[in-house]
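Here is a short walk through one structure, with the sequence and the model side by side.

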Amino acid sequence: MNSGMNNQQKQVAIAILYRDGKFLMQLRDDIPGIAYPGHWAFFGGHIEPDEAPEDALKRELLEEIGYVPASPSFFGYYADNNVFRHVYHAPLTVELNQLILGEGWDMGLLTPAEIRAGERYSEIAGQVRPLGPTHQKILLDFIERAF
């Protein structure tokens, strides 16, 4: 048990990765029981006990897309009843086709218009899929404040 942590809240580190004014997101697997199944969401994941959030972010990005940004910058905290999110941002310095999707159904660079609309078409899914509401809010905040 970690002292000072709410055991009901999962701790995660997620990344806003951007290139040419667009934002990298994964289409999460459409599996019941996971957070936001079949939704567009950020890459990132759980922070292990005694792991620094930035280290967790880099570990998760390496596992999920085979890419780690040199120096991600902290953007903010977003918490709800279940999840405490440590949000980082960094430029994506490689082409999309250089990433190796290790988790999720699809990935893509979403435009600000798609983010505002809250949905994006996936070639692999063959349909328009929604953004996770929390992820949409974080991106809209980021676009407003930092872009």
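A residue is called buried when its relative accessible area is under 20%. Glutamine 9 has a relative accessible area of 15%, so glutamine 9 is buried. The model in which this is seen is a predicted one.

Glutamine 9 lies in the segment before strand 1. Its side chain reaches the backbone oxygen of aspartate 80 at 2.8 Å. Setting aside neighbours within four places in sequence, glutamine 9 is in contact with Ala79, Asp80, Asn81, Asn82, Val83 and Phe84.

Arginine 85 sits in strand 6. With a relative accessible area of 6%, arginine 85 is buried. Beyond four places in sequence, the residues in contact with arginine 85 include Val12, Ile14, Tyr36, Thr134 and Ile138.

The largest nonpolar core holds 21 residues, and Ile16 and Phe23 touch the most other members. At least two residues of this core come from each of strand 1 (10–19), strand 2 (22–27), strand 5 (73–79), strand 6 (83–91) and helix 3 (133–146). Which residues does isoleucine 16 touch, not counting those up to four places away in sequence? They are Phe23, Phe42, Phe75, Val87, Tyr88, His89, Ala90, Ile138, Leu139 and Phe142.

Technical notes. Residues numbered from 1 in each chain as written. Predicted model: local features only at pLDDT ≥ 70, side-chain atom pairs only at ≥ 80, totals over all residues. Heavy atoms only, no water. Core = buried A, V, L, I, M, F, W, Y, C linked by side-chain atoms within 4.5 Å. Buried < 20%, exposed > 50% of the residue type's maximum accessible area, 1.4 Å probe, protein only. Helix = DSSP H or I, 4+ residues; strand = E, 2+ residues; numbered from the N terminus. Contact = heavy atoms within 4.5 Å. Polar contact = N/O pair within 3.5 Å; in protein donor to acceptor, adjacent residues only side chain to side chain.
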